[in-house]
Amino acid sequence: MTHDHEHAQVRQTWFTELLNTALNDLAHAERVITAFAAQEPDGFIAWGMAEGEATQAHRALRQAPSLQAAAPADHDTANATANALFELASKVSQSLVRAAELASDPDDKMACLQAALHASRLRKALR
């Protein structure tokens with residue numbers, strides 16, 4: 001195996017890992033925000049913007065051709081807070097930008113960047 005081939009394989013593995021982690025994190029954020037919105041009388045007003053961005057980020061990332069993810073693992077929503085969601089959105093946004101840098105397929109790159117944009121907007125909606 002050549003050094004270039006090894007490098008490409010490592011790059012692809014890292015890219016795939018970033019994509020799958022981001023997808024799971026976005027699905028988790030979406031579920032938690034929806035749960036928060038359902039628990040409060042004006043929840044959908046308070047959480048609507050954040051929920052929309054989480055959904056858009058998740059949908060945008062799903063457009064990446066390289067994404068072969070199973071249904072995301074179910075996380076426990078009980079211990080989540082808006083702060084934790086803010087941190088999650090920040091992490092996902094950074095990961096997606098990194099994934100876009102690693103992507104060799106232009107459609108993967110576009111899906112990552114669109115999802116990163118929505119994750120960044122989600123972060124703002126949670127502040």
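Biologist: Which helix holds Glu 87?

Modeller: Glu 87 has its place in helix α3; helices (H or I, at least four residues) and strands (E, at least two) are DSSP runs, numbered from the N terminus. This is a predicted model, in which local features need pLDDT of at least 70, side-chain atom pairs count only at pLDDT 80 or more, and totals for chains, interfaces and linings use all residues. Residues are numbered from 1 along each chain as its sequence is written, and side-chain values use heavy atoms, with hydrogens and water left out.

Biologist: Why is Glu 87 called partly exposed?

Modeller: The relative accessible area of Glu 87 is 48%. Buried means under 20%, exposed over 50%, and partly exposed in between (1.4 Å probe, protein chains only), so Glu 87 counts as partly exposed. Its C-alpha atom is 9.8 Å from that of Leu 126, 39 residues apart along the chain.

Biologist: What makes Arg 31 partly exposed?

Modeller: Arg 31, which belongs to helix α1, has a relative accessibility of 27%, so it also falls in the partly exposed range. Between the C-alpha atoms of Arg 31 and Ala 54 there are 9.2 Å, and the two are 23 residues apart along the chain.

Biologist: And His 58, is that residue buried or exposed?

Modeller: His 58 is buried, because its relative accessible area is 13%. This residue lies in helix α2. Apart from residues up to four places away in sequence, His 58 touches Leu 23, Leu 26, Ala 27 and Glu 30, where contact means heavy atoms within 4.5 Å.

Biologist: How do you know that the length of α3 agrees with its number of residues?

Modeller: The expected span is 1.5 Å times one less than the number of residues. For the 21 residues of α3 that gives 30 Å, and its end C-alpha atoms are 30 Å apart, so the two agree. Among the buried residues of α3 are Leu 85, Phe 86, Leu 88 and Ala 89, and their cover includes α1, α2 and α4.

Biologist: What angle do α1 and α3 make when they pack?

Modeller: They pack at about 150 degrees with axes 9 Å apart. Axes are lines fitted to C-alpha atoms, for helices over the stretch in contact, and angles run from 0 to 180 degrees between N-to-C directions.

Biologist: Why is α1 called roughly antiparallel to α3?

Modeller: Angles under 35 degrees count as roughly parallel, over 145 as roughly antiparallel, 65 to 115 as roughly perpendicular and the rest as oblique. The angle of about 150 degrees therefore makes α1 roughly antiparallel to α3.

Biologist: Which residues make the contact between α1 and α4?

Modeller: These two helices pack at about 35 degrees, with axes 12 Å apart. Phe 15, Leu 19, Leu 26, Ala 29 and Ile 33 of α1 meet Asp 108, Cys 112, Ala 119 and Leu 122 of α4.

Biologist: Which residues touch the most other members of the largest nonpolar core?

Modeller: Leu 19, Trp 47, Leu 61, Leu 85, Leu 96 and Leu 122 do, out of 36 residues in that core. A nonpolar core is a set of buried Ala, Val, Leu, Ile, Met, Phe, Trp, Tyr and Cys residues joined through side-chain atoms within 4.5 Å. Helix α1 supplies the largest share, 11 residues. Leaving aside neighbours within four places in sequence, Leu 122 contacts Ala 29, Ile 33, Ala 50, Glu 53, Ala 54 and Ala 89.
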